[in-house]
Amino acid sequence: MNLAFRIKHHFFNAFREIFVHHHGSLEFRAKLFALIIAANEKPSINNFIKVKELALKIYNNDEDRANLLLLTTKELVEKVKKNNNLNLDYLIESIQKELKIVPRYANKINIEDLETFLAFTKDDDTFYYQKNILEFLAKLKEETLRQ
């Protein structure tokens, strides 16, 4: 990522709600990615490469939007890892609250895309923990869409 984008990202990060079109949707997706990545104590760089790849697919090759999703996801994962008043339980609660407020966000929960992150998990316990998270998200999506 070039310097101009990083400066723009820091500016947008401070004023995301004002300047980023559909910031809520972007943050919701970032929380989903961060939840599955942060469940792994030692996430590899491949997780973030996958986020960028999926973001380009989601946003029709819009590089700026894909980078914003990637950086927002990284930010959330770093906060979870640093115990910065953010943990996996908080992410789950936040996702649940947002779905109650904006039920259409349930359509943004793509279990197949999220399952691709399991390939980067080396530890069996972590793998099954992430699998449980995916099952929870699938059930949450189903329940939200049913209402």
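## Tyr105

Tyr105 is found in the loop between H6 and H7, where helices are DSSP runs of H or I of at least four residues, strands are runs of E of at least two, and both are numbered from the N terminus. In this predicted model, local features need pLDDT of at least 70 and side-chain atom pairs count only at pLDDT 80 or more, while totals for chains, interfaces and linings use all residues. Residues are numbered from 1 along each chain as its sequence is written, and side-chain values use heavy atoms, with hydrogens and water left out.

Tyr105 has a relative accessible area of 9%, so it is buried. Buried means under 20% relative accessible area, exposed means over 50%, and partly exposed lies in between, with a 1.4 Å probe and protein chains only. Not counting residues up to four places away in sequence, Tyr105 touches Gly24, Ser25, Phe28, Glu98 and Leu99; contact means heavy atoms within 4.5 Å. Ile95 is ten residues from Tyr105 in sequence, and their C-alpha atoms are 9.3 Å apart in space.

Helix H8 covers residues 124-146, which is 23 residues. At 1.5 Å a residue these should span 33 Å, and the end C-alpha atoms are 33 Å apart, so the two values agree. The expected span is 1.5 Å times one less than the number of residues. The buried residues of H8 are Thr126, Gln130, Ile133, Leu134, Leu137, Leu140 and Thr144. Their cover includes H3, helix H6 (88-101) and helix H7 (111-115). An α-helix has 3.6 residues a turn, so residues three or four places apart point the same way.

Thr144, in helix H8, has a relative accessible area of 11% and is therefore buried. Leaving aside neighbours within four places in sequence, Thr144 is in contact with Leu99, Pro103 and Ala106. Thr144 and Gln96 are 48 residues apart along the chain, and their C-alpha atoms are separated by 9.4 Å.

H3 has 16 residues, and 14 of them are buried, so the helix is mostly covered. From its first C-alpha to its last, H3 reaches 21 Å, close to the 22 Å expected at 1.5 Å a residue.

Two packed helices are described by the angle between their axes and the distance between the axes. Helix H3 (residues 23-38) and helix H5 (residues 63-81) pack at an angle of about 45°, with axes 8 Å apart. That makes H3 oblique to H5. Axes are lines fitted to C-alpha atoms, for helices over the stretch in contact, and angles run from 0 to 180 degrees between N-to-C directions. Angles under 35 degrees count as roughly parallel, over 145 as roughly antiparallel, 65 to 115 as roughly perpendicular and the rest as oblique.

The crossing of H3 and H5 is right-handed: a crossing is right-handed if the near helix is turned clockwise from the far one by less than a right angle, and left-handed if anticlockwise. On the H3 side the contact is made by Leu26, Glu27, Arg29, Ala30, Lys31, Phe33, Ala34, Ile37 and Ala38. On the H5 side it is made by Arg65, Leu68, Leu69, Thr72, Thr73, Leu76, Val77, Val80 and Lys81. By class, the residues of this contact of H3 with H5 are eleven nonpolar, two polar and five charged. Ala, Val, Leu, Ile, Met, Phe, Trp, Tyr, Cys and Pro count as nonpolar, Asp, Glu, Lys and Arg as charged, and the others, Gly among them, as polar.

## Helix H4 against H5

The axes of H4 and H5 cross at roughly 145° and come within 8 Å. This crossing of H4 and H5 is right-handed. In H4, Phe48, Val51, Lys52, Ala55 and Leu56 meet Glu63, Ala66, Asn67, Leu69, Leu70, Thr73, Lys74 and Val77 in H5. The contact of H4 with H5 has eight nonpolar, two polar and three charged residues.

## The loop between H4 and H5

Most residues other than glycine have a negative phi. Asn60 is not a glycine, yet it has a positive phi of about 50°. Asn60 lies in the loop between helix H4 (45-58) and H5, and at 65% relative accessibility it counts as exposed. Asn61 is found in the loop between H4 and H5, and its phi is also positive, near 65°. At 61% relative accessibility, Asn61 counts as exposed.

## The whole chain

The chain has eight helices and zero strands. Of its 147 residues, 46% count as buried. Among contacts with a separation of 6 or more, 72% are between residues 24 or more positions apart.
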